[in-house]
Amino acid sequence: MPAERPLAAISAKALSSLKAIAVAGGMQIVLLACVVGAFAGMAVTVLSNAAHLLHNYLFSLPVDVRLSGLLQLSNPTDAAIPVVGGALMGLSIWLLKRYRNRSLVDPIEANALLGGRLSIGDTLIVAGQTMLSNGFGASVGLEAAYTQTGSGFASRLARAFNLRRNDVRTLVGCGAAGAIAAAFDAPLTGAFYGFELIIGVYSLANVAPVLAASVSASLMATQLGAEQFPIEIGMMPPLTPHQYLPFLLLGLIAGLGSVGIMQLVTLVERAFLAARLHPAVRPVFGGAIVGLLALLSPQVLSSGHGAMHLFLTNHFAFWTVLAVFSLKLLASAVSLGSGFRGGLFFASLFLGVLLGNMFATVMNVISPATGIHTTMAAVIGMTSLAVGVVGGPLTMTFLALESTRDLAITGVVLAAAVVSSIVVRSTFGYSFSTWRFHLRGETIRSANDIGWMRNLTVRSMMRTDVRTVPADMPIDDFRAQFPLGSAQRVIAVDAEGRYAGMILVPDAHTTSPDISDPTVKPLLRHTETVLVQPMNAKAAAAVFEKAKAEELPVVDGLKTRKVVGLLTEAHLIRRYSEELEKAHRDLSGDS
């Protein structure tokens, strides 16, 4: 017995030391990232296998053929399957409107506004609706379900361990990174997806956990036999210097095409709204259109994995490629615009392959000397169009690198991707996901953490000890009540107590009274410029800048204009700087 006590004490001390080591130096977040990655790999396995089983059961697929790889539907009645899926999707929309009437939060929005907080309920709903949409043939990808599931689990795990805000955001990025890595068997692609699209920044503090999650997820999915879709390109021809300019032109065309695709989805969505159809009915009509398009070309169905393989390994005539491009684009726009759940991640890759294929055909007609190879153009078109729609130049560049295993073309792939990104940013300003937020009235342009700015409102910064005077107060009475040095500014209100303007005390003492109006009315400044309490720091700063004012009143509403507070520009700038510095400290791991 006496010998056991020292042993127990040593064991407790060793356990305590191990715990201290795990928490110190960021080891805790790396270990949790490995857990998140493993879970993401399992989730991708389950979801991808379930979708493939649905396709096999509903569409009677031949052995080893993916849905979009069909040359024609096994039975013309299969065109009605997306309609059934639309009805089920409509039912889920109706139930959500009735019992859960709020927008679902995805990883980008969670990291931008909510410090990485994702609910399990939102995660299950997004994953379920995406599976339903893809499984019944709607022209959407499963990537939204993959990333939502991985990030949702990561968020819940991070909060269970009571991690700080920035670590929660990092772990959410790990969940999404692991999901993409597992889906494409591409750890570097997954890692940079997490950096660029979910976390919003690349720093030394998040390299280890994100890479750990990506590798763990890819290994787990491989071990479990997931239906990963590595984009197998094969050997590429050597790249020559005079091909750079045509490929940069392809990047430019892809950027413009990306803007057109995003605008088309919005146009289709507005057309469904203009038709005044109930939201629960729209997917039924959308499914009917997708089904009719599938009669012309089954390549429009589902994500497009089988179709991409078909067009990368076989040669098709230009007009055939153009027809499939047009039909797939229309099917994706109708699917999303009518209310099916999913994303354009893989659809943009497939459309990019088709765009590159057509570009090579045209170039070989008008300039055969350039020797543009179809497969190389397909790879560059794939990455450039996907960068324009999804975002993430490095993400898509690494996808091309891990697909081709050809380092020689990485430079031109990245250059074309950057051209596409610049075109989209300068002409449109949004990726597809952030554009959808914009349509909802949000101002999110990336996953960079602006939630702290949302919390830094005029209400939280204003002073409430506000002195007011009547707007028709005689100027002599004002001078008596406010001698020089007693105050800088005083707010004037009308007979109903509404804001009328700002009076500078020095003006009242240096200006001769107007004989026709001996009140303070002629001294009123900024009569139409006010702040409201919900306004955030950035919006308030813009008001100060436009008005060239140092101090402005805060009113309870733009209609009632009752004065509730006062805010100075100097205090606003100081508070904003303090919060920004705190956010930077959190990001670098100093706090």
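Here is a short chat about a few spots in this predicted model.

Biologist: Let's start with T130, which sits in helix 5 (residues 120-135). Why is T130 called buried?

Modeller: Its relative accessible area is 0%. Buried means under 20%, so T130 counts as buried.

Biologist: And what makes G141 a contact of T130?

Modeller: Contact means heavy atoms within 4.5 Å, so G141 and T130 have heavy atoms within that cut-off. Leaving aside neighbours within four places in sequence, T130 also touches L142, A144, A145, R341 and G342.

Biologist: Over to D477 in helix 21 (residues 475-481). Why is D477 called partly exposed?

Modeller: D477 has a relative accessible area of 44%. Buried is under 20% and exposed is over 50%, so with 44% D477 falls in between and is partly exposed.

Biologist: How far is D477 from T519 in sequence and in space?

Modeller: They are 42 residues apart in sequence, and 9.0 Å apart in space, C-alpha to C-alpha.

Biologist: Now the strands. What makes strand 5 (residues 551-555) mostly covered?

Modeller: 5 of its 5 residues are buried.

Biologist: How do you know that strand 4 (residues 531-532) and strand 5 pair?

Modeller: Pairing takes at least two bridges, and 2 bridges join these parallel strands, so they pair. In strand 5, V554 is the bridge partner of L531.

Biologist: What makes strand 5 and strand 6 (residues 563-568) a pair?

Modeller: They share 5 bridges in the antiparallel sense. The cut-off is at least two, so they qualify. V554 turns up here as well, with G565 as its bridge partner in strand 6.

Conventions:
Residues are numbered from 1 along each chain as its sequence is written. This is a predicted model: local features need pLDDT of at least 70, side-chain atom pairs count only at pLDDT 80 or more; totals for chains, interfaces and linings use all residues. Side-chain values use heavy atoms; hydrogens and water are left out. Helices (H or I, at least four residues) and strands (E, at least two) are DSSP runs, numbered from the N terminus. Buried means under 20% relative accessible area, exposed over 50%, partly exposed in between (1.4 Å probe, protein chains only).
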